[in-house]
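Hello,

Please find the structure below. My notes on its aromatic rings follow it.

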Amino acid sequence: MELSFATFRNRWIKISNSILNKTPVAHHGIQRSGTNYLNLCLRSLGVVPVNSFDPARGAASHKHCRWQSAKKSIMPWDSRYQNDYQVAELEQLDSLANYPPNCRHLVIQKDLASWLPSILNWGLRVGWLRSKEEAIKQAATLAKADYEAYYDFWHAQANKYPGRVVVIQFESIIEDPRSLVEICRKMGVGVQNSDSFDGKFKEVPQSPSGRQAVVTRLDVEHMLN
């Protein structure tokens, strides 16, 4: 999708939310954490995130934007993730990303032992990493830097703004997709099709069913104990 078209589509979502008096929602998550799945679930419930379509990777409204203040913690292999955004209040984040006032923020977090193999295998597929050995050597750095700093930021925001920010465990949504309905309702976000929603899709973007797993959970679990 052309990035300019993505920006246009997101702008139209914000306009239509305003016209229909819908509570605006943005979705977030570190790469390979289930953001595309969350987006599909929300859209199935009639909740279209204001950043549903991906703008340029470095844009403040991108779902993977790194908001942590420690910018050296950001993974080094893709320069598009690098930024100098510094925010102390949620309103500052909304302003930088051009989100509507009182926007709700749904942040998806995958268990670290599941996320690490996923991001390392992705890195091998796209050329960030050259071998399984190199990938495994980088696992601890990713766990203690990018993942930890990213979610520390969002957990702090959820504690500070419990009515506007929620961190959702990916595994809990997979186990009980309908729990997302209650999460939305608690945040004042209206849903549709809740009776028929089951959280099942033939395929999730960027997660093809036949992808190869070079690095496994067993390869990284010993580093997390």
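Is Y151 buried or exposed? Y151 has a relative accessible area of 2%, so Y151 is buried, the limit being under 20%. Please keep in mind that this is a predicted model.

Y150 also counts as buried, because its relative accessibility is 1%.

Now the ring pairs. Searching the whole structure gives 9 aromatic pairs. One of them joins W115 and Y147: the ring centres are 5.1 Å apart and the planes meet at 40 degrees, so this pair is classed as tilted. W115 belongs to helix α4 (residues 112-126) and Y147 to helix α5 (residues 132-160). The two residues are 32 residues apart, and their pair links distant parts of the chain. Both W115 and Y147 are buried.

Y150 and Y151 make another pair. Their ring centres lie 4.9 Å apart with the planes at 80 degrees, so the pair is edge-to-face.

The charged end of R66 sits over the ring of Y81, at 4.1 Å from the ring centre. K110 lies over the face of F170, and the distance to that ring centre is 4.8 Å.

Regards

Notes. Residues numbered from 1 in each chain as written. Predicted model: local features only at pLDDT ≥ 70, side-chain atom pairs only at ≥ 80, totals over all residues. Heavy atoms only, no water. Phe/Tyr/Trp six-rings, centres within 6.5 Å; stacked < 30°, edge-to-face > 60°. Helix = DSSP H or I, 4+ residues; strand = E, 2+ residues; numbered from the N terminus. Buried < 20%, exposed > 50% of the residue type's maximum accessible area, 1.4 Å probe, protein only. Lys NZ or Arg CZ within 6 Å of the ring centre and 35° of its normal.
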